[in-house]
Amino acid sequence: MKWIMVGIIVGSTVLADLLQSFEMKRNVVAVDDLRPGRIGRLLGEFARRGPLILAVCFMAISFFAFMKLLSIADLSFAVPVTAASVVLETVLARLLLKERVNPLRWAGAFCVACGVALLAV
Amino acid sequence: MAAARVVAERPETGVGPNRLDFKTKILTAVVVLANVLGNFSLSWGMKHQAAKLADSPLAYIQTIFSPWVLLGTTLLILWFLARMTLLSWADLSYVLPVTSIGYVFTAFLGKYFFAEQITWQRWLGTLAIMVGMILVGLTTPNTTAEAREHGR
């Protein structure tokens with residue numbers, strides 16, 4: 001059950017992050033939009049963007065699966081193990097989002113992968 | 001040179017490179033702290049929740065409205081908003097590893113507040129994640145064509 005939850009969390013997180021990154025790059029948020037008085041308007045704008053709504057749906061799946069995981073596993077296991085999504089997302093960011101992932105970034109992703117493997121021992 | 005490219009002024013923001021760079025760092029800190037504290041509150045609430053989630057779907061709703069879980073959820077909403085904004089300023093492959101410092105804070109919180117057993121393997125894993133974060137932190141945050149068009 002524990003690893004099924006981890007799989008659901010990682011899968012839905014990857015999809016949510018890819019959708020968010022894709023959509024947010026198309027419409028960059030200005031610094032001034034982060035003022036407290038404009039947060040509501042910003043939220044309204046986000047709510048009208050299809051890919052972000054879909055991303056939220058995947059995040060909701062991830063959230064409830066994460067809640068379930070927390071009830072059956074340690075916090076120090078549950079949070080880091082979901083970092084498996086970092087490696088998968090780096091690969092997909094390169095392939096789908098056309099980000100330029102240089103050797104330093106690959107090395108960083110590799111270190112995170114090793115870290116995740118150690119945390120799961 | 002890389003740093004200069006990173007903090008180049010973005011016309012649509014109307015702010016200079018130094019201010020934007022500072023704001024990006026602040027936002028990164030907000031993303032990390034909101035995530036760590038949100039997860040901590042959520043975990044605290046879940047550990048003290050008597051109802052078993054497997055019993056009924058209503059137990060989920062009951063759990064969501066317990067104080068600690070509510071606080072955790074609020075912080076995670078803040079994290080979500082801050083992170084979406086950060087994703088509009090930087091690559092996904094940059095944001096993910098750089099914000100992974102949160103895992104280290106989470107490990108410390110788990111150890112000191114929940115008395116969770118953290119083996120040397122987990123500490124080593126935490127160290128590896130930190131090294132990964134530092135390596136990625138040395139790269140240019142935004143490499144996509146769209147961002148370059150905006151001058152960032």
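How do α1(A) and α5(A) lie to each other: parallel, perpendicular or oblique? I started my notes there.

**Ground rules.** I am working on a predicted model, where local features need pLDDT of at least 70 and side-chain atom pairs count only at pLDDT 80 or more, while totals for chains, interfaces and linings use all residues. Residues are numbered from 1 along each chain as its sequence is written, chains are lettered from A and ligands numbered from 1 in the order in which they are written.

**Entry 1, α1(A) and α5(A).** Two packed helices are described by the angle between their axes and the distance between the axes. I looked up both: the axes come within 10 Å and cross at roughly 40°. I took axes as lines fitted to C-alpha atoms, for helices over the stretch in contact, with angles from 0 to 180 degrees between N-to-C directions. The two helices, α1(A) and α5(A), are therefore oblique to each other (under 35 degrees is roughly parallel, over 145 roughly antiparallel, 65 to 115 roughly perpendicular, the rest oblique). The crossing of α1(A) past α5(A) is right-handed (the near helix is turned clockwise from the far one by less than a right angle).

I then listed who touches whom, with contact meaning C-beta atoms, placed from the backbone, within 7 Å. From α1(A) I have Val10(A), Thr13(A), Val14(A), Asp17(A) and Leu18(A), and they meet Ala84(A), Ser85(A), Leu88(A), Glu89(A) and Leu92(A) of α5(A). That contact splits into six nonpolar, two polar and two charged residues (nonpolar: Ala, Val, Leu, Ile, Met, Phe, Trp, Tyr, Cys, Pro; charged: Asp, Glu, Lys, Arg; polar: the others, Gly among them).

**Entry 2, where A meets B.** I find 47 residues from chain A and 50 residues from chain B in the contact. On the chain A side, α6(A) gives the largest share, 12 residues. By type, I get 28 nonpolar, eight polar and 11 charged on that side of chain A.

I see eight helices and zero strands in chain B (DSSP runs numbered from the N terminus: H or I of at least four residues for helices, E of at least two for strands). Of its 152 residues, 44% count as buried (20 or more other C-beta atoms within 10 Å of its own, C-beta atoms placed from the backbone; 12 or fewer is exposed, in between partly exposed).

I picked out α6(B), residues 101-113. The buried residues there are Ile101(B), Gly102(B), Tyr103(B), Thr106(B), Ala107(B), Leu109(B) and Gly110(B). After α6(B) comes Ala115(B), with a positive phi near 55°.

How values were computed: The expected span of a helix is 1.5 Å times one less than its number of residues.
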